[in-house]
Amino acid sequence: MTSIPWHECDVYSWREKVALTSAETGIVACLQRIDELNPTLNALSFVLRDEALARARQLDKTPPSGRGVLHGVPIVIKDEMPVAGVPTTFGTATQTTRDPGNAWAVQRLLDAGAIIVGKSRMPEFGCWAFTETESKGIVRNPHDLSRTTGGSSGGTAAAVASGMVPAGMAGDGGGSIRIPAAQCGLFGLKPQRGRVSLAPFPDLWHALGTVGPLTRTVRDSALLYDVISGTADTDSWHAEPIGSLVDACSRELSGLRIGVVQRAFSNGRKACKEHRDEVARVAELLRAQGHEVSDATVRFPNPTLPFLIQFFTGPLAEYELLKDTSLLESRSQAVVRVGKLIPASAIEWAKRRSLAIGKAVDEVFEDYDVLLSPTLGKRPARIPALRGKGMIGAMVASASSVGFTAFTNISGQPAAHVTTGWAGDGLPIGVQLIGPSNGEEVLVSVAEWLTNSV
């Protein structure tokens with residue numbers, strides 16, 4: 001184990017290596033990797049060097065019997081989640097005050113022994129499917145520096161995919177866990193709405209947003225979800241309890257009913273040929289395993305209006321926390337202007353409509369256990385993807401990325417991107433799995449089998 005370079009360690013192997021060396025040794029290696037790569041990749045907005053080293057030294061004094069399941073594991077946090085002593089900028093050039101405490105999920109990670117080494121970049125308010133800002137530059141894909149990482153959790157994805165850290169926290173309001181996972185070759189599970197607390201905020205973009213990890217392996221993600229799952233009294237949404245996702249990784253599944261969807265849920269368009277072919281290949285693998293795989297002719301309610309209402313009004317809560325809103329990009333200011341025109345009654349309607357759509361989607365799962373689809377409409381774009389674009393241009397540019405992902409943010413069901421190989425352009429390729437309400441266990445089980453079989 002000690003011969004594995006730190007930057008090649010996933011969460012499980014990092015823990016084992018820390019046990020053989022020390023948490024401080026691991027953090028020193030982590031910070032060296034950040035110093036080496038972050039100037040090029042631009043993945044991190046804050047590096048908590050002194051704080052991380054001090055915590056590692058403290059953890060090394062903890063006897064083995066008192067160590068948590070994430071003892072010594074370095075993690076980055078998307079810059080929309082509060083970390084004590086650090087401003088939360090929501091990807092903007094302006095600042096908020098330094099946060100007095102940690103987000104609920106961040107504190108759960110710390111309680112399990114994790115070490116927060118930095119905060120990761122995102123587009124302003126997480127509105128776009130590309131991690132680019134006029135003030136802070138472009139986050140580059142570790143597999144091809146000329147390509148995007150996707151968004152809005154592109155900073156976390158670049159940090160994990162490059163080996164700066166073995167895991168990081170992300171958020172997903174329209175695909176922002178799954179899109180960067182797809183473009184950077186990671187595993188990303190958007191959990192059921194209300195699975196993970198959003199405290200100190202009551203919600204993230206009303207009914208759309210969730211938070212969760214980006215990792216290199218399914219088992220790593222399962223471990224982190226077992227740590228962070230749960231909600232606080234202040235949360236707007238509370239999911240039904242489920243079992244351990246780590247246990248689900250080892251579960252053998254047979255006779256699943258898997259429906260294949262090749263057209264985008266939002267506009268009915270087909271994905272590019274490479275993505276359709278990969279879905280077909282994975283479908284054949286699952287069929288050969290004994291599952292019942294068929295084309296799914298599903299008709300879902302139109303999600304466009306409730307999504308747009310929450311998309312435009314969701315950032316307003318974050319906008320109110322900023323010190324100098326004049327520093328916002330013009331496209332972000334346009335989003336805020338539109339959002340301010342939408343009445344509270346429309347927001348409440350959009351949330352009710354989201355719940356109704358979720359119920360309609362669960363009726364589809366009376367016939368299927370899992371839906372299989374492309375994650376992205378197109379291959380990763382060349383950068384810059386947003387330069388010179390206003391609000392409408394940025395929305396159009398993002399459309400092919402969110403066509404297959406945003407629907408489950410409206411409906412609330414869990415969905416995951418699973419990396420299954422490499423495309424001809426040298427970048428990762430994979431598929432999306434969608435489950436019924438509270439269906440994370442079946443998604444993790446299928447994803448773990450796939451990653452061990454492709």
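Hi everyone. Let me start with a term: a residue is called buried when its relative accessible area is under 20%. Keep that cut-off in mind, and remember that what we have here is a predicted model.

First stop, Pro180, which sits in helix 6. Its relative accessibility is 0%, so Pro180 counts as buried. And what does Pro180 touch, once residues up to four places away in sequence are set aside? The list is Thr149, Gly150, Gly151, Ser152, Ser153, Gly154, Ala157, Gly175 and Leu214. If you want a sense of distance, take Gly72: it is 108 residues from Pro180 in sequence, and the two C-alpha atoms are 25 Å apart in space.

Now on to Ser176. You'll find Ser176 in the loop between strand 8 (167-172) and helix 6 (178-184). Is Ser176 buried or exposed? With a relative accessible area of 7%, Ser176 is buried. Its side chain reaches the backbone nitrogen of Ser152 at 2.9 Å. Beyond its neighbours within four places in sequence, Ser176 is in contact with Lys78, Gly126, Gly151, Ser152, Ser153 and Gly171.

Next, His206, in the loop between strand 9 (187-190) and strand 10 (210-215). His206 has a relative accessible area of 15%, so this one is buried as well. Not counting residues up to four places away in sequence, His206 touches Trp237, Gln310, Thr313, Gly314, Ile347 and Lys351. Phe265, by contrast, is 59 residues away in sequence and 21 Å away in space, C-alpha to C-alpha.

Finally, some empty space. Rolling a probe the size of a water molecule over the atoms shows where such space is left. In this model, the largest pocket holds about 540 Å³. How many residues line the largest pocket? There are 26, and Phe307, Leu308, Met395, Ala399 and Val402 lie nearest its centre. Helix 10 (304-313), helix 14 (391-402) and helix 15 (406-411) each supply at least two residues of that lining. By type, the lining divides into 15 nonpolar, 10 polar and 1 charged.

Notes: Residues numbered from 1 in each chain as written. Predicted model: local features only at pLDDT ≥ 70, side-chain atom pairs only at ≥ 80, totals over all residues. Heavy atoms only, no water. 1 Å grid on protein atoms, 1.4 Å probe; cavity = no way out; pocket = protein on both sides within 12 Å on 5 of 7 lines; lining within 4 Å. Points joined across faces, edges and corners; volume = space filled by probe spheres on them. Helix = DSSP H or I, 4+ residues; strand = E, 2+ residues; numbered from the N terminus. Nonpolar A, V, L, I, M, F, W, Y, C, P; charged D, E, K, R; others polar. Buried < 20%, exposed > 50% of the residue type's maximum accessible area, 1.4 Å probe, protein only. Polar contact = N/O pair within 3.5 Å; in protein donor to acceptor, adjacent residues only side chain to side chain. Contact = heavy atoms within 4.5 Å.
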